[in-house]
Amino acid sequence: MLIKKRSRIEIPSSEITPKSVYLSRRHFMRGAAAAVAGGLLAACGAPDAEPVADGDGAATTIATGNSAEESYVLDAMPGTVSSNFDERGDPLNSLEEITTYNNYYEFTTDKTRVAPLAKNFPTAPWQVDVGGLVNKPKTFGLEELMAFEQEERIYRMRCVEGWSMVIPWMGFPLSKLLNEVEPTSAAKYVRFETIEDTDNMPGVRSSLFPWPYVEGLRLDEAMNDLAILSTGLYGQPLLPQNGAPIRLVVPWKYGFKSIKSIVKIDLVDTMPESLWMKAAPNEYGFFATVNPNVPHPRWSQATERRIGEFGRRETLLFNGYGDEVAHLYDDPDYDTTQSS
Ligand code: MTE
């Protein structure tokens with residue numbers, strides 16, 4: 001797929017951007033989408049909406065001077081995001097919220113202490129070995145990973161614990177990396193593994209969990225356009241606490257599927273056993289799609305607390321991404337504990 005990189009949409013994240021900008025972005029994308037094959041925009045693409053006027057009467061289209069034939073792909077630019085809202089109109093969480101409230105058990109189980117403990121975690125040099133049932137196994141260095149066209153994807157993330165955030169990720173579709181190694185017809189699942197660095201990750205010295213952190217997707221899930229490998233957020237490279245230098249983001253599944261700091265990806269023919277399936281098989285299964293109708297064995301999943309908000313919101317089936325992913329599942333109640 002040829003992607004022209006002419007669009008540069010710069011909105012400082014410090015700027016309070018009215019909803020009109022978000023709406024006008026939709027407008028711009030409608031034209032762009034026509035030119036981009038394969039649903040590249042599916043994550044951010046949404047219902048058509050006409051631009052509306054700004055409060056101050058300023059022009060509302062995110063004017064780039066580009067023609068509609070140009071694709072909508074953002075360069076990673078320090079401190080900039082394309083919109084302050086996701087496609088539902090929900091505001092982004094702040095950079096501070098996203099980088100100071102984290103789950104990364106290799107460091108600690110205390111969300112507010114991950115950032116300080118991970119501060120000096122070495123994320124370069126880095127390699128990701130991609131192999132297993134593929135025709136062209138390959139070890140990707142950081143530069144090769146960054147050479148994939150980096151896109152912005154604004155996604156909601158719903159943690160199985162009942163909190164959520166809206167995060168402007170940078171990254172690229174996992175399918176692009178998988179296509180490069182050419183899975184064989186025997187490949188049915190993708191298995192991911194996090195680095196197990198006992199020197200720099202205090203948590204992995206404890207035998208509390210069966211390290212390394214492992215996660216998996218069915219191959220068709222992995223090939224869905226919403227599944228990305230993320231290298232940054234808010235237009236900046238990922239910080240260690242968010243899974244630098246490269247992590248998975250699967251927005252229709254509970255956050256624990258979005259494995260951080262990946263060093264190994266294998267195409268396999270049997271369902272991988274994840275860390276959580278090993279650690280608590282009665283609570284966590286393979287699919288872990290967000291489903292408000294299926295409670296966790298110990299709490300309801302019907303509602304969630306958006307970090308930064310008071311009160312709770314209703315949780316949406318597939319985290320609101322059903323249009324893009326429901327067709328992958330025969331049973332809409334694929335849930336936290338279902339494993340086959
Ligand atoms: N990946 C690894 N390697 N280790 C972890 O502990 N936690 C998961 C997921 N990926 C985790 C991980 C969980 S439970 C969540 S909710 C998300 O990362 C949190 O991502 P964030 O800290 O970037 O918000």
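Predicted model: local features only at pLDDT ≥ 70, side-chain atom pairs only at ≥ 80, totals over all residues.

**The ligand and its surroundings**

Of the 17 residues around the ligand, Y105, E106, R247, S258 and K260 come nearest. By class, the shell around the ligand consists of 8 nonpolar, 6 polar and 3 charged residues.

At Y105, a polar backbone atom is 2.7 Å from an oxygen atom of the ligand. The backbone is also involved at S258, where an N or O atom lies 2.9 Å from a nitrogen atom of the ligand. At K260, by contrast, the side chain takes part: one of its N or O atoms is 2.7 Å from an oxygen atom of the ligand. How much of the ligand does the protein bury? Taken alone, the ligand exposes 530 Å², and the protein buries 99% of that area.

**A residue in a loop**

Attention may now turn to S83. This residue is placed in the loop that runs between strand β2 (80–81) and helix α2 (95–100). Is S83 buried or exposed? Its relative accessibility is 1%, and buried means under 20%, so S83 counts as buried. The side chain of S83 also makes a polar contact, as it reaches the backbone nitrogen of F85 at 3.0 Å. S83 is thus a buried loop residue whose side chain contacts the backbone of F85.

Conventions
Residues numbered from 1 in each chain as written. Heavy atoms only, no water. Helix = DSSP H or I, 4+ residues; strand = E, 2+ residues; numbered from the N terminus. Buried < 20%, exposed > 50% of the residue type's maximum accessible area, 1.4 Å probe, protein only. Polar contact = N/O pair within 3.5 Å; in protein donor to acceptor, adjacent residues only side chain to side chain. Near = heavy atom within 4 Å. Areas by Shrake-Rupley, 256 points an atom, 1.4 Å probe, with all protein chains shown as cover. Nonpolar A, V, L, I, M, F, W, Y, C, P; charged D, E, K, R; others polar.
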